[in-house]
Number of protein chains: 4
Amino acid sequence: MKQRVYEIVEEAAPGNRASQAFDIFIISLIALNAVALIVGTVEEIHQVSPQAFRTFEIISVAIFTVEYLLRVWACTADPRYAHPVFGRLRFIVSPIALIDLLAILPFYMVLFVNLHGLDLRFLRAVRLLARVARLGRYFSGLHTLARVVHAKRSELLTVIMVLSILLLMTSSLIFFAEREAQPDKFANIPQAMWWSVITLTTVGYGDVYPVTVAGRLLAGLIAIVGIGLFALPAGILGSGFVDELRRSTDPPRICPHCHKEIHE
Amino acid sequence: MKQRVYEIVEEAAPGNRASQAFDIFIISLIALNAVALIVGTVEEIHQVSPQAFRTFEIISVAIFTVEYLLRVWACTADPRYAHPVFGRLRFIVSPIALIDLLAILPFYMVLFVNLHGLDLRFLRAVRLLARVARLGRYFSGLHTLARVVHAKRSELLTVIMVLSILLLMTSSLIFFAEREAQPDKFANIPQAMWWSVITLTTVGYGDVYPVTVAGRLLAGLIAIVGIGLFALPAGILGSGFVDELRRSTDPPRICPHCHKEIHE
Amino acid sequence: MKQRVYEIVEEAAPGNRASQAFDIFIISLIALNAVALIVGTVEEIHQVSPQAFRTFEIISVAIFTVEYLLRVWACTADPRYAHPVFGRLRFIVSPIALIDLLAILPFYMVLFVNLHGLDLRFLRAVRLLARVARLGRYFSGLHTLARVVHAKRSELLTVIMVLSILLLMTSSLIFFAEREAQPDKFANIPQAMWWSVITLTTVGYGDVYPVTVAGRLLAGLIAIVGIGLFALPAGILGSGFVDELRRSTDPPRICPHCHKEIHE
Amino acid sequence: MKQRVYEIVEEAAPGNRASQAFDIFIISLIALNAVALIVGTVEEIHQVSPQAFRTFEIISVAIFTVEYLLRVWACTADPRYAHPVFGRLRFIVSPIALIDLLAILPFYMVLFVNLHGLDLRFLRAVRLLARVARLGRYFSGLHTLARVVHAKRSELLTVIMVLSILLLMTSSLIFFAEREAQPDKFANIPQAMWWSVITLTTVGYGDVYPVTVAGRLLAGLIAIVGIGLFALPAGILGSGFVDELRRSTDPPRICPHCHKEIHE
């Protein structure tokens, strides 16, 4: 029976109808929870029936708790966590199980522990993010993205380092150029970094911008050079993504005449 | 004769002069209609001669109505819609015929039904969009784009899902960081989503931006990471587009084993 | 002697020292002219010595006029323009010679014809643009770009058409969504187009942005979808550019073992 | 012993533990210095203990000075700088050694020379940038990027030239379109260039934007065309980066004629 529970609570194998139904139920519940938590921050909607939000929250946590306990109980069916005690402990500290725990623990902490407003807010954020993160497990797209990031990690690291040095240099330069003309907006280098990030990513809110001739010359140069470099991660991720998806979907090509494989 | 009408009202086959002339006439009429509807929203221009706009509208709808009726009458020449009654019904509910209907129906609804101002405005939008959508049928470029989107649908779906989760997470985080400093701009998560979309797409209007240190750190991180991910759909579409267009122009490949041509 | 003048005034063939020197002289003069015209618009600099700007202008135009006349006189050395009268006329109406003429004609028009202020301003712009355009002739990079645009013209046309239809649709939609909330900023569809272009290109000045819930939902959707499409021309141009430059610089690959060419 | 010092102060060869430890120590010290210089510009943090910042600065400069002198003394172990006098002089004027000198010299200039406030600020910037630039030596990612920029230099030069001419033309056009409506923001062409750069890079702060119909038509056109061109450097760098990294990981190619390996 433990084997059966394990199969149901874990991601569905193809053809396992009960497990698929369970997955769909949990995904829907998480999605509904995310919607409730988001919509619940809109005062006008929350005031219509705070009780409904509360009830839905309690039912959800109850279901997630049962699911979590079932997972912990049944995990020994997995050869990696076979030991009744240490296997379960190792399962509990695995990233996936920790995220599951984070999605329910804040509810009980608020219930049993006396907490201040700030903590409550923080716990809500944790709960919401943990629930959304749980959704990720069910979608292969996120696994693909994770594989791409892993495959391109050296390129991405290189680029991140180059960007960090670029960010440092541009922030220092604009700070020395604008500090006197706009002492409130370029008071120090960390503040100048806010300008650098918003400019180099081409967001350009317009809350901070250079006004001196030197600052504008610098900003123009930074914008042109920096954009080329800041677009690199997108390009690397993009090409990796396209490659990764092509690899998994393209069958090896067969020559229709001699029926041998063609490696490209 | 029905066969002849059918050939004329449908997209022109190469060499069919009458049908080509008809296509050019309809395309010009649609383009003129779009221009009239757009320019007609400029009060100064509309007031010069409201009658002229009205007359042009009536003539256009009359022509589009005749064209629509001819299409419905002649569609039985197409083997797919051969049945005199059910074939025509199936044609009427086909997407292309529905768009044609939407381009004329609002005119008659305003004429015969008593409607309020709001509906009139909505009907105008429908009419304008339907007419522009009709134009699409005549251009092969849109078919190419549709094919690319179809070929890359799994990649695009994956990316859209990743972006949705990213949007949810960044909106929640910035909401918890900024809600107290700017309660009017980050009053709830749906409002914070507006900021997220405008930042992640690098539009950056500047109507909403973080002011706290935590919010700015978060925004900087979100901008850098998010832009890499939000540029993915563009990259996927772009590479798909280039592939699609290359496929139709590239020479056939040669198998390196038997040296024969491989047609893809 | 005409042959010699022709060789000197036309773009230098490799090894022709006199012609190269002449090219460098003309390029420098055009660059100096552009700088003078640009810097001359700064009131503080122009007032230092209006006479110096005037003198430099007169000398430049004199040299350009002599160069233009020499070109017209010597063009018969080119087999395409061999006929003494009709050849020269055909040369004069060729795009390159017309640009040359536009770079000097405005000066004489101001001198001999009585013109109003507006025309003067316009003529200055023409003169400046024509001179900068003349520079283009000497740089192979612009020829490369022109070849790329030509090679990718069908793709670019397709994309431009898709973008035009997208622009029309988004402008109409946002107009109907925002016209009541912001009648001054979304007064008509042409005004809404300004918003569309600035949003779809992700410039996002922040002078116009939606404030209604419907408008923001629409804008978010438009931003995400539209950016993917608006990045297409950049991607197409970019890949074409890389291909074009690779083609002209990469020698055909030779296998070092059997010394045959390898076509990729 | 000089050989040993040389091995330690230069970049570590694999397996040389002492040299690796020295590298890590210097990297950490540079990073800490950069952090101290950045954080030191925040008045609130600097005022906590100006003495601590001062002491850390003195210790750092002392260590960098000793390191610099050791490098100069030991450089003769490198065959390129073998001559005791001229070799050392040639080493001192090499770019890397000059950057090292710039990272310490400003400190002594402030100490021994009587300088004004402006110079002090400038020297600080030099010191900070030189220290960050020193970091670059230790990271292979920057070497990769430098190789990519070098490999693509002709493409990048071409694009930079095209962009310069585009910038000139758009600035002139918008200047003539907007100068009368906004004489304070488009007073001259250099000012209009600020608008051009910020628009063409899609930063779009919103401090300057066209308000006339002609200006907006122009800006819309410029935004669409220009973005395609301004994205070119990013595309070229990106594809060069991907190529460069692929080259080091790809399997050797096989000649289709003789089936032997081809090493690139």
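Me: Are Glu67(B) and Arg71(B) buried or exposed?
Reply: The model is a predicted one, and the burial of each residue is judged from its relative accessible area, with under 20% as the limit for the buried class. By that criterion Glu67(B) and Arg71(B) both count as buried.

Me: How far apart are the closest N and O atoms of Glu67(B) and Arg71(B)?
Reply: Glu67(B) and Arg71(B) both belong to helix H4 (residues 50-74) of chain B, where four residues, or about one turn of the helix, separate them. Their side chains form a salt bridge, for which the cut-off between nitrogen and oxygen is 4 Å. In this pair the closest N and O atoms are apart by 2.4 Å.

Me: In chain A, which residue forms a salt bridge with Asp100(A)?
Reply: The closest N and O atoms of the pair are 3.3 Å apart, and the link joins distant parts of the chain, with Asp100(A) in helix H6 (residues 95-102) and its partner, 29 residues apart from it, in helix H4 (residues 50-74). Both partners are buried. The residue that forms the salt bridge with Asp100(A) is Arg71(A).

Me: What is the relative accessible area of Arg71(D)?
Reply: Arg71(D) sits in helix H4 (residues 50-74) of chain D. Leaving aside residues up to four places away in sequence, it touches Val9(D), Glu10(D), Phe91(D), Asp100(D), Arg134(D), Arg137(D) and Tyr138(D). Arg71(D) counts as buried because its relative accessible area is 2%.

Me: What share of the 264 residues of chain A counts as buried?
Reply: The secondary structure of chain A consists of 13 helices and two strands, and among its contacts with a separation of 6 or more, 59% are between residues 24 or more positions apart. Its accessible surface is about 13,300 Å², with 68% of that on carbon and sulfur atoms. Of the 264 residues, the share that counts as buried is 46%.

Me: How much area do chain C and chain B bury between them?
Reply: The size of an interface is often given as the accessible area lost when the parts come together. Here 42 residues of chain C are in contact with 32 residues of chain B. Carbon and sulfur atoms carry 78% of the buried area, and the total for chain C and chain B is about 3,200 Å².

Me: Which helix of chain C gives the largest share of the side that touches chain B?
Reply: Across the interface of chain C and chain B, three residue pairs are in polar contact. On the side of chain C, the elements that give two or more residues are helix H10 (153-178), helix H11 (189-200), helix H12 (213-230) and helix H13 (232-249). The largest share, 12 residues, comes from H10(C).

Me: Which residue of chain B meets Arg216(C) in a salt bridge?
Reply: The count between chain C and chain B is one salt bridge, with an N to O distance of 3.7 Å. It runs between chains, from the loop between helix H11 (189-200) and helix H12 (213-230) of chain B to Arg216(C) in helix H12 of chain C. The partner of Arg216(C) in chain B is Asp207(B).

Me: How far apart in space are Val211(B) and Cys75(B), C-alpha to C-alpha?
Reply: Val211(B) lies in the loop between H11 and H12 of chain B and is partly exposed, with a relative accessible area of 40%. Not counting residues up to four places away in sequence, it touches Glu178(B), Ala181(B), Gln182(B) and Arg216(B). Val211(B) and Cys75(B) are 136 residues apart in sequence, and their C-alpha distance in space is 62 Å.

Definitions and conventions
Residues numbered from 1 in each chain as written. Chains lettered and ligands numbered in written order. Predicted model: local features only at pLDDT ≥ 70, side-chain atom pairs only at ≥ 80, totals over all residues. Heavy atoms only, no water. Buried < 20%, exposed > 50% of the residue type's maximum accessible area, 1.4 Å probe, protein only. Contact = heavy atoms within 4.5 Å. Areas by Shrake-Rupley, 256 points an atom, 1.4 Å probe, with all protein chains shown as cover. Buried area = accessible area lost by both parts, 1.4 Å probe. Polar contact = N/O pair within 3.5 Å; in protein donor to acceptor, adjacent residues only side chain to side chain.
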